[in-house]
Amino acid sequence: QQNHPGVLWGAGAAILLLMACLLVLLRLRRGKKAAPQSRRDDGLDAFETLKEMFTVAAASPSRSDYSLICIHLNLDRLGQLWGYERARELFLHGATILRKELGDEGILTNCGEDLLVLRRTAEPEGTVQWADGAVQHIRDASAVGRYAQDVAAGIYPLAVSSHDFEHALFHVRQCARDACREEQSSRLCGSELCRFCQERWNLLDDFFHALERDEFQLYIQFFVDAES
């Protein structure tokens, strides 16, 4: 011990780091039971909690077990048909169904009109079945189910190459919308069909970089009534 103090300190630090990682992952699997204050009044978790847990899961050796799931409800069309208060009720109804389906095995929040789930499963391929079942449950349990394009899921496995949260969020939301338009229950990010999402992402990335470099010029063309 006197001859190798550095080795002991290093081993102790490694053990502490491993314990910290295990505690964080345990918190994720238990659905944040240790932090109920992050649960909102509507039963959804805080968006920042999902972002934090995504970062932790993406950095863990078991990241291939995790998936980010987006359940998109076409609230704009539903609001035009039945009113936006009714559309909001359907949104909360969908959140209630997902909370029951999810239990304490993940995180549930929203980003705009999309419901977001971070979920871990022992069999990653089972995530698609889970998402399809959740979508069908929402369709069957409400008037949303009259049209298949009213609700669908996008699935972003953390096993894919990019672990940037904003990139993953963009892709999973795009896949959910594409699935809605094509009347599918779900679409898996990273498939051949997902190349269009990457093209949109690249275009959006170029757009914001162009804004930062002042590559856009603004022109205003006024339209007036010649008689007045």
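This is a predicted model: local features need pLDDT of at least 70, side-chain atom pairs count only at pLDDT 80 or more; totals for chains, interfaces and linings use all residues.
**Briefing: a helix crossing and an enclosed strand**

Helix α2 and helix α6 cross in a right-handed sense.

**Packing of α2 and α6**

- The helices concerned are α2, which covers residues 47-59, and α6, which covers residues 165-181, and they pack at an angle of about 110° with their axes 10 Å apart.
- Since angles of 65 to 115 degrees count as roughly perpendicular, α2 and α6 are therefore described as roughly perpendicular to each other.
- On the α2 side the contact is made by F47, L50, K51 and F54, while α6 contributes F165, E166, A168 and L169.
- By residue class, this contact of α2 with α6 comprises 6 nonpolar and 2 charged residues, with no polar ones.

**Burial of strand β1**

- Strand β1 spans residues 66-73, and because 8 of its 8 residues are buried, the strand is largely enclosed by the rest of the structure.
- In a regular strand, side chains alternate between the two faces of the sheet.
- Both faces of β1 are covered, with Y66, L68, C70 and H72 buried on one side and S67, I69, I71 and L73 buried on the other.

Technical notes:
Residues are numbered from 1 along each chain as its sequence is written. Side-chain values use heavy atoms; hydrogens and water are left out. Buried means under 20% relative accessible area, exposed over 50%, partly exposed in between (1.4 Å probe, protein chains only). Helices (H or I, at least four residues) and strands (E, at least two) are DSSP runs, numbered from the N terminus. Axes are lines fitted to C-alpha atoms, for helices over the stretch in contact, and angles run from 0 to 180 degrees between N-to-C directions. Angles under 35 degrees count as roughly parallel, over 145 as roughly antiparallel, 65 to 115 as roughly perpendicular and the rest as oblique. A crossing is left-handed if the near helix is turned anticlockwise from the far one by less than a right angle, and right-handed if clockwise. Contact means heavy atoms within 4.5 Å. Ala, Val, Leu, Ile, Met, Phe, Trp, Tyr, Cys and Pro count as nonpolar, Asp, Glu, Lys and Arg as charged, and the others, Gly among them, as polar.
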